[in-house]
Amino acid sequence: MKINLVTLGVVLALSSAAPAFADNSTGSISGIASHGSVVTIKNKNTGLSRTFSVSTNEKFHFRQLPTGNYTVSNGEQSFDIVVTVGGTRSIDFTDKVEVLSVVGSRVSPLDLTSVESATVFTAEDIDRLPITKDLTSVALLAPGTTKGDSGFGNLASFGGASVAENGYYINGFDVTNIRKFTSFANLPYDGVSQQQVKTGGYGAEYGRSLGGVVNIVTKRGSNDWEFGGSAYWTPKSLREDRTDNLSKQTDPSSSEKYHVYNSDNTYDYLKYNVYGSGPIIEDKLFFFAMYQWRDDEWNDFNVDRSTRNTDESPLGLFKLDWNITDSQVLEYTYILNDDEYTIHPYTNPEDEYYTGKHGTPADPYSISDSGDIHILSYTGYITDNLTVNALLGRMKFDSSVRNPLEGPGAECPLVYDRRETPTSSQRIGCWGKDSNQYYRYDPEGETESDTRDSIRLGLRYDIGAHSISFGYDKEEFESTKLGREFSGGDYWRWHRGTGSEVRGVVVPEGQDYVRHRTLTEASGKYLVENTAFYLTDEWQVTDDIILRLGIRAEGFENFNSKGESFVKGDTKYAPRLGFSWDVFGEGDKKLFATAGRYYIPISANTNIRGSGIEFSTEEYFLVDSADEDPTTSAPTKLGAKLGETSYNGDENPPHPGSIAAINLEPMHQDEFILGYQQEFDTWTVGVKAIYREIKDGMDDYCGHQAFINYATDNGYNNFDYNSMANCMMMNPGNNVEIAMDLENDGNYQAVSIPASYFDLDKYKRTYTAVEFFWERAFEDNWYLKGSYSYAKSKGNAEGYVNSTLEQDDAGATQDVDHALFQKGADGYLPNDRRHTLKLFGGYNITEEIAVSANILVQSGRPVSCYGYLPLEQYKDELGVDYSGLAGYSASSFFCQGKLGSRGNEGRTPWVKTVDLGVTYKPEWAENLTLRANIKNAFNSQEVTEYTETSEIGSASAPEANPNYLNASNYLTPRRVELSVSYKF
């Protein structure tokens, strides 16, 4: 799908009659006025004005308004209203009820029209707090959100879901990268006007997420000219050292002295921006533009090497708003999203470890993930009761994945040496420790790319007591993948025998042997198509009760690199129901509830991994150390082969029907929420209960013996399991309908295999929580917000990622690769945080000086014991799966040979952090703001992760890991961010 002006013209021409969607970047004003009166609203910044003639039902509605400050008047009374994203501000001009949001105050009245669990943070809210200005840090202020595993970067978990199950929007356009769902488009955060965080109960217009939704609305121009800029500096001199931890190895003076070595690392971050905004044509056409630079440097020191890393990536935002008429608005957003950093590698002098200094430099190289976004949206207020929308968007990112091939050792085979130390990762030969090249990529390609093209159409019509919304959206997401092989074409690892078996052969103690591996991956382009329709009726049943009745119909389809569809299911229907009850009709007490089903698409990474051409081999040989190439350190003469060669994959793409179950159900979740809110003077308090349960979870299964057993039991003696894909997508615990070449003649036929052949449990994940939340409006120079959550996240799989392994293969984690990985998997999941207290607020000491604080108190996450699968114990039933499972790391719930259970090693310590801030706005310099934020002010250094791997070595020769349950990660220590802002 290509976006062009012709397409836009057609969309806009048809928008008054086309099916439509509810915008993700607007708000509304509703209320009651006497019959025959005329209510007028006017945007105080842009002059946009609309009127509404009140009919016999005395109600008025202004739908889908650009966020901002409005004046609302009936000719006799007028009020100033702040319209926030996704919210409805209500006014009663008849004086029966007065529910107002007054500009300049912090009153946040109940939104009696909404049933969602959502929190909105304005730019002013965010500026007051001592938090990092980024999407995730703000989202973590909302109830029910927790920080995800550090291995995935700066991501949040919503309501027990994994960090890869959220949706992210900018100005109504979905900017989630669905290659793996663990990234999204960035922007200069000072260009954000409002951020809405939906943690549950969201309507049928939202889909493709199981966790939460984050909506960003950018700043826009107005009739006032404004220019300015900001700078943010986190100097290394105002950072405390990170915590080290000694290894539990027997020789602490060796190169493995430290288990965690961070104290010599340094970080110095600087970013600065300039912006301008104003009217191109007063009351008609406005612009906002911001450009941000950064000058970051961080130095990472490891055992015998180090890197100096620099990042000067720019970010940009440009926004145009055109009030064509008071009833037609056109918006264009452009975002420049460069993300490229340069790595300067160094190596220590021979036998010098943990020096904290840079040694001999090697050639630098860059890693980039850069792109841009175009968003064009139209809103038409056709009548007082009819609003239409259209949106077109494109997001394209290119990722550089190649290190310089001219680097030392780039064409040499990878060679590791484990002869002296079985757990060592010592690099030898010409590849050596100076090389940063692990893979050699397809020379025909320079980058990998992800491109999303999206079209969304929308209509909303108010008729009597009903507000009907009807919508459609379609997106095409294309990912390209570069082919690769091991550097030098081969991967060798030297071992020394201990008298144990390797591939079923006993290797005498002291006898050298090698593991040899090859890998071939082909380049390709992979497409995902997602479509959705939705219908919602917001029904004002009585003056005090609103029902929301919604249904979403979703379609998902995934294609291989040849354009062949391998997943296309029936349309999936997701009901969304809810009610809001103004308990006593006074606008200060609200009872609400929601029930809904939510689907998430199959990631593009699944296309790449499941349908791509990938072929690898693994074999073991005895070898004489004298037969070692003096340059490469690879063996020159191989001895006896140990066991058989393991083959994984094929040099041809797998048959489309064998990649995924024909009866595959996309992963989906049912959610139920019951809540209550009440106002007390300047306070608003609330409580809600939440229950979420995964239905028909989805992941890949990588065994083949089950298919062999099925073929044998049904008389197909010619079946060759190599005709199947390496791994197959399925719903664990369900019967599997899949295409098989049962006669080994190239003809595939669909067969239904009973679930008993796989011995897999149903996919399970539940989340139960009770949340208390409160807010004190800004009055008497202070305000306070916070929440307390008591929650349980339990099941046998985390979701679209595996935090323990830091595996971000959405929908293709290790969790159900084989039934043995499910043994012991039931328990509390990595995002289970039983208790979470959040408290943040501020106090104006004087008109010039304000202080603020952000406090987090949170219980620890579960700790488990992981080890190698005891393959010999299950050898008879594993069949051909034995050799494949032998290549897995120590990642099962078998703890040193004995079956344990998830979370059986207790929990990490409680986390307690306090961030403090002070703001100075001097009277002598109007529009100048100086800030100092102290993160983790008391320098808490609690352990956040332990090493949970109880064994090292290999499945054939496992050894106890001396660093099992040794601390491996700590809270980020105290640091200070200084900032200055000026506008004129």
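Predicted model: local features only at pLDDT ≥ 70, side-chain atom pairs only at ≥ 80, totals over all residues.
Two strands count as paired when DSSP finds at least two bridges between them.

**View 1. A four-stranded open sheet with antiparallel pairing.**
Reading across this sheet, the strands come in the order β3-β2-β5-β6. β3 (49-53) and β6 (78-83) are at the edges with a single partner strand each, so one side of each has no neighbour in the sheet. From one strand to the next, the twist averages 20°. Zoom in on strand β2 (residues 38-43) and you will find five bridges joining it to β3, with the two running antiparallel. A handy landmark is V39, which stands opposite F52 in β3.

**View 2. A five-stranded open sheet with mixed pairing.**
Here the strand order is β8-β15-β16-β11-β12. The edges are formed by β8 (117-122) and β12 (173-174), each of which pairs on one side only. Follow β8 to its partner, strand β15 (residues 192-200): the pair is antiparallel and spans six bridges. To find your place along the pair, look for T119, opposite V197 in β15.

**View 3. The largest cavity, with about 460 Å³ of space.**
The structure holds 16 cavities of 30 Å³ or more, and this view goes inside the largest of them. Its lining is made up of 31 residues, and those nearest the centre of the cavity are G86, E116, E205, R460 and E538. Elements giving two or more residues to this lining are β1 (26-32), β4 (59-66), β15, β40 (524-540) and β41 (545-559). Sorted by class, the lining of the largest cavity has 16 polar, nine charged and six nonpolar residues.

**View 4. The second largest cavity, with a volume of about 150 Å³.**
Which residues are the closest to the centre of this second largest cavity? They are N802, D815, Y866, F893 and R902, out of the 16 residues that line the second largest cavity. By class, this lining divides into seven polar, six nonpolar and three charged residues.

Definitions and conventions. Residues numbered from 1 in each chain as written. Heavy atoms only, no water. Axes fitted to C-alpha atoms, helices over the stretch in contact; angles between N-to-C directions. 1 Å grid on protein atoms, 1.4 Å probe; cavity = no way out; pocket = protein on both sides within 12 Å on 5 of 7 lines; lining within 4 Å. Points joined across faces, edges and corners; volume = space filled by probe spheres on them. Nonpolar A, V, L, I, M, F, W, Y, C, P; charged D, E, K, R; others polar.
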